[in-house]
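Have the structure open beside you as you read.

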Amino acid sequence: MRQFVRKIALLALLFLGVLGLGLALIALSTNWTLQFEYKYFGHRTHWGSSLERVAEFENWSKQQSKTPKGLILGSSTAYRNLNPYILAEKTKVNWFNYGSSSQSVKMSYYLLAQALHKTRLDYVLLDIYPPIAENEGLEAAFDLLYNSELPFWQKTQLLSHYPNVSLWLRSAYFYTKKIVPCRTYIIQDSTNGAYLGRGFVCSNQAPLQENKIPQKKLKVKDFETLYEIAKLCKQHHTKLILNISPQLGTIYCLDPNYHKFKVLASPNFQNPQHFYDSHHMTCAGAHLYSKGLAMKLKSMLYETPPPASRQNQPE
Amino acid sequence: MLFNSLEFFLFLPLVFVLYWFVFKHALRFQNLFILLASYFFYGWWSWAFMGLLLLSTLLDYFYGFGVASSQRKKAKIFLWLSIVNNLGILGVFKYYNFFAEQFETGLALFGFHVSPYLLDIALPIGISFYTFHGMSYVFDIYRQKQKPVRNFVDYAVFVSFFPLLVAGPIERANHLLPQVQKPRIFSYTQALEGCRLILWGLFKKVVIADTIAGLIDPVFNAYQDYNSASILLAAIGFSIQIYGDFSGYSDIALGTAKLFGFELLSNFRFPYFSRDIAEFWRRWHISLSSWFKDYLYIPLGGSKAGRNKAIRNTFIIFIVSGFWHGASWNFIIWGFLHACAFLPLLLLRRNRQHLSEVVAHAQLLPNSKEVLQMLSTFFFVTFAWVFFRAENLSAALGFLSSSFSNWHVSKLLPYKSILFLGLILVVIDWYLRHNERRLKVPAQRVLRYLIYLSMALAIFFHMDSEQSFIYFQF
């Protein structure tokens, strides 16, 4: 039996060795050609601005501010539509937008848990874009592992949450590139918009002229993770607020369970000229939307002072 | 837990090491451990449905004692209790909604409109398999081919052994139970054969079946948009996919069982090398077809009860077999089509022509007659698979009619990958065709290791997303 175990272990080591060698060769090849890297892993990219956002968040989390701190979580509708500077000005809360591409509620939970390890948070504004909210968050994990400098322990935790071979390979490649002498290549995409700091990305794309998207109704579900987030916030005396991100031509039918949370929604924000696609806003649109939202948020935040105002949050 | 998931790659070595290194000294501990590991394996998918598995196991375990009674009347009562219990579980969880909908449609034809209550529950994975395990145990006791097992753990291992728990092979008590009850000694050769089977099974599932699935699914979902040639190729692609998927699963199951010292029943013997439909059914999902033969076809009289009864029995067994796969008219029609293809062979007494030897047994290549026979069988099977794969009956008919009428449409599916993967499968299967349980490997060590390594790498790079096995839904 020992002979068998030894043989299997040797084969496994051989397999890992070949795999490591393959990764190293691809990394090395970037000194001459980028095609192999692109074919197998794709290039790192500034798309979504995770690189800048994560780096800035590390500093922001260390700040000892006298004003309350608030963290915005969510997908691209969060980091493109919610301007933390406007929210900060109106609500007197130090907001940071920690949204990331395709960030699902599950991924938001994970990021929030890690953020709470690093800093005290008074508020969490969770932006919910229903088509993304219910997915597993694999795309967001790809983005954060490959396109950001998230600390190693956080990346490892992230990997353990997503047993996915591609994700693991890409992560292994990321670290292989740090060992092997090779070229670092990060794509700048002009259509991505400008990173304005505090996690916010301002779009430079042209607004829509009319809304061709037909009216539809969308049901918003998945409370399990939301409850987990609420529980986590309660443990840390953080006030949780949900924001239902507007989508052109879509009426959301909120499940009655949502009424257990503090929910902000702007169903009438439907002018196509404020959007560059069905759910992402132009810079001017985000400005206007954030202003309106800040007013609602302000009245919600100060209807009762923190941290005593948490009785509406579910257990 | 799926065989093609990373969790399983952690679970399997851990269970293997504990089983052979920690619990090897006492059979009862080894069996208890394998039972707990099996429940963990099942519970990983749903702890809620564990109760159903336990209930089904417990009931058949107790019915076994009743059926063993020397009073035939009492034995018969327990036999029927077991049948009602197992079919009742299947009826509720698998067939209730189908019958309720048919009832509603039937009444609507006469102008009565009712809206029956429909269940909103997931189909418990493996339900069709573990209920059939239990029934075969009780049937065998009733037919005095098997004695009831005293030790509950032994019986529960027979029903719930994790390699076969969710999609078979459907074991027989007199084949597996003696292996459970007998001390097992580690065999290096058997374990190595097991690893080869696991590797080959994973290759078929992950590299061949899942890749093809990704290519042909869009065609099945929107066949109207594709050219007829692509539709035909998608149908062939599905034949390859379902074979790679299910035989891949079965190989992993057989290989995993070998690692623990068990030999399971074969489920596939290169079915696409069959020369007629009768041979196909001796080579495709063998454990299910032999189950229906032994517990349904023969008790009904089989082919020896006169011509009319033989025809009736043939249709019954194929239609029931189709219905076993799922509560839908598609599966019933799929079974019916196979019965229609089988019937001429039965009536002409040519259904037992190719009983044991595989095609071109002693030759390198088949002759032209054999090629024609294999191709005609394959194309019939492919035609029937369309009903199996399609969402509903109208989709199946639409798919078939579009395969004739869409020659003007320009959209094509990427045919090269399908043909290439199909070719790999055919060539390797042809090379292995003499024995499905012991894979032939090259004698040269370097070449052998290169093959293992290439296959492992191909599997690893294709494990992008865990695709469930098709037969898990049954």
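## Cysteines and a helix pair

A:Cys233 is buried, as its relative accessible area is 0%. Please keep in mind that this is a predicted model.

| Cysteine | Relative accessible area | Class |
|---|---|---|
| A:Cys233 | 0% | buried |
| A:Cys202 | 8% | buried |
| B:Cys195 | 22% | partly exposed |
| A:Cys283 | 31% | partly exposed |

How many disulfides are there over all chains? The count comes to one. A:Cys202 and A:Cys283 form a disulfide, with 1.2 Å between their sulfur atoms. The torsion about the S-S bond of this pair is about -110 degrees, so the disulfide is left-handed. A:Cys202 belongs to strand β7 (residues 200-202) of chain A and A:Cys283 to helix α12 (residues 283-301) of chain A, so the pair ties together parts that lie 81 residues apart in sequence.

Now let us turn to chain B. Helix α5 (residues 127-142) of chain B packs with helix α8 (residues 173-181) of chain B at an angle of about 100 degrees, and their axes are 10 Å apart. Angles of 65 to 115 degrees count as roughly perpendicular, so α5(B) is roughly perpendicular to α8(B). On the α5(B) side, B:Ser136, B:Tyr137 and B:Asp140 make the contact, while α8(B) brings B:Ala173, B:Asn174 and B:Leu177. Sorted by class, the contact of α5(B) with α8(B) has three nonpolar, two polar and one charged residues.

Conventions: Residues are numbered from 1 along each chain as its sequence is written. Chains are lettered from A and ligands numbered from 1 in the order in which they are written. This is a predicted model: local features need pLDDT of at least 70, side-chain atom pairs count only at pLDDT 80 or more; totals for chains, interfaces and linings use all residues. Side-chain values use heavy atoms; hydrogens and water are left out. Axes are lines fitted to C-alpha atoms, for helices over the stretch in contact, and angles run from 0 to 180 degrees between N-to-C directions. Helices (H or I, at least four residues) and strands (E, at least two) are DSSP runs, numbered from the N terminus. Angles under 35 degrees count as roughly parallel, over 145 as roughly antiparallel, 65 to 115 as roughly perpendicular and the rest as oblique. Contact means heavy atoms within 4.5 Å. Ala, Val, Leu, Ile, Met, Phe, Trp, Tyr, Cys and Pro count as nonpolar, Asp, Glu, Lys and Arg as charged, and the others, Gly among them, as polar. A disulfide is a pair of cysteine sulfur atoms within 2.5 Å. Buried means under 20% relative accessible area, exposed over 50%, partly exposed in between (1.4 Å probe, protein chains only).
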